[in-house]
Every structure is written in C-alpha cells, then in structure tokens.
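Here is a short note for a first look at this structure. Please read the points with the view open beside them.

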Amino acid sequence: WVLRSAPIDIGVVMREKLVFSMIPILAISMTLALMTNWILAADRFTSWLSFGALITVGLAICVMGVGFGALFPNFAVENIHQIESSVGGFVYMAACLFYVWITIAVLAAPMQMHFAERFGTGVWDPRVAFYSGAGWLTLNLVAFILPWQLGRRALENHE
C-alpha cells in the first residue's frame, strides 16, 4: 500500500530496482568476460561474441528478476529465504536456466562456423549466422519485454 499511495509511478519503482541490481551484475559480467577472454587468449570474434552475450545475459537476468518479482510479489515474508523457495522464485530460476540454455544453443552455431572456418574444415554460412542472430534477438526481446510487462501489469493491478 505504501507504493500505491506514494506519488510515484510503479514503472519508476521498477526501473530504480533494475538500475540498483544491474550495476553489480554488469560489473561482474564485464569482469568475467574480460578476464576469461584474456586468460584463454581468445580471438577477436570469440571475445566480442562472449562479451556481448555475457552483458546481454546479465541484463536479461536482472530484468527477469525485477519482472518476476513484481509478477509474484510476496509482501508477508518472515524470512528472506522464503522468497527463493516460493513459486515465483522457482519460476524465475527455471526461466533464467531456460534462457541461458537457449542462448548457448543459439550462439553455438556461429561459434562452430567460426572455428570450422578458422581451422579450414568449413565455411561461414551467412544464412546460419542470420538465423542465429534473429533467434538471439527474438529470445532477448521476449526475455526483456514479457516478464517486465507482466510484472508491471500485476503490480498495477495488485490490491
């Protein structure tokens, strides 16, 4: 009731929560991407693809966290650990796991083509790269927009 009676829009509150959680996740994602690419001495294509993928996955997981948190609110929690073992916590973790799995599957094709071309055992197929990019874009649009909109609508209609 405090959020509903405050002179602030629910969308603003959700964006503030997103920015607050996004900063450490992006710092960790960028550090992991840079350090693993440096340790593995990855080539330019692999470095850029993994860096972009880690940043995007980090952002999507933050957006899904805020969206699913708004979709499955639990305001009567006695212990913080009850949230992660609730239905909303399980749905969030399952959705994140599915999202990461599909991301790896979609980005595997360009990586496979890159290494096949690099070692002389295959050629780069622009159609596969296009379909992989379109699939990744579609997956990320769904991961960013669907939980956010459903969560915002649920919070606005919450009594």
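1. Cys-96 is buried, with a relative accessible area of 9%. Keep in mind that this is a predicted model.

2. Cys-62 is buried too: its relative accessible area is 7%. Both values fall under the 20% cut-off for buried.

3. Which cysteine sulfur is closest to that of Cys-96? The one in Cys-62, at 9.3 Å, and that is too far for a bond. Cys-62, accordingly, is in no disulfide.

4. Now the helices. H3 covers residues 44-71 and H6 covers residues 126-157. Their axes come within 7 Å and cross at roughly 20°. Angles under 35 degrees count as roughly parallel, so H3 is roughly parallel to H6. The crossing of H3 past H6 is left-handed.

5. Which residues make this contact? From H3 come Gly-52, Ala-53, Thr-56, Leu-59, Ala-60, Val-63, Met-64, Val-66, Gly-67, Phe-68, Ala-70 and Leu-71. H6 supplies Trp-136, Asn-140, Ala-143, Phe-144, Pro-147, Trp-148, Leu-150, Gly-151, Arg-152, Ala-154 and Leu-155.

6. How do the residues of the contact of H3 with H6 divide? There are 17 nonpolar residues, five polar and one charged. Among the H6 residues in the contact is Arg-152, and arginine counts as charged.

Technical notes
Residues numbered from 1 in each chain as written. Predicted model: local features only at pLDDT ≥ 70, side-chain atom pairs only at ≥ 80, totals over all residues. Heavy atoms only, no water. Axes fitted to C-alpha atoms, helices over the stretch in contact; angles between N-to-C directions. Helix = DSSP H or I, 4+ residues; strand = E, 2+ residues; numbered from the N terminus. Parallel < 35°, antiparallel > 145°, perpendicular 65-115°, else oblique. Left-handed = near helix turned anticlockwise from the far one by under 90°. Contact = heavy atoms within 4.5 Å. Disulfide = S-S within 2.5 Å. Buried < 20%, exposed > 50% of the residue type's maximum accessible area, 1.4 Å probe, protein only.
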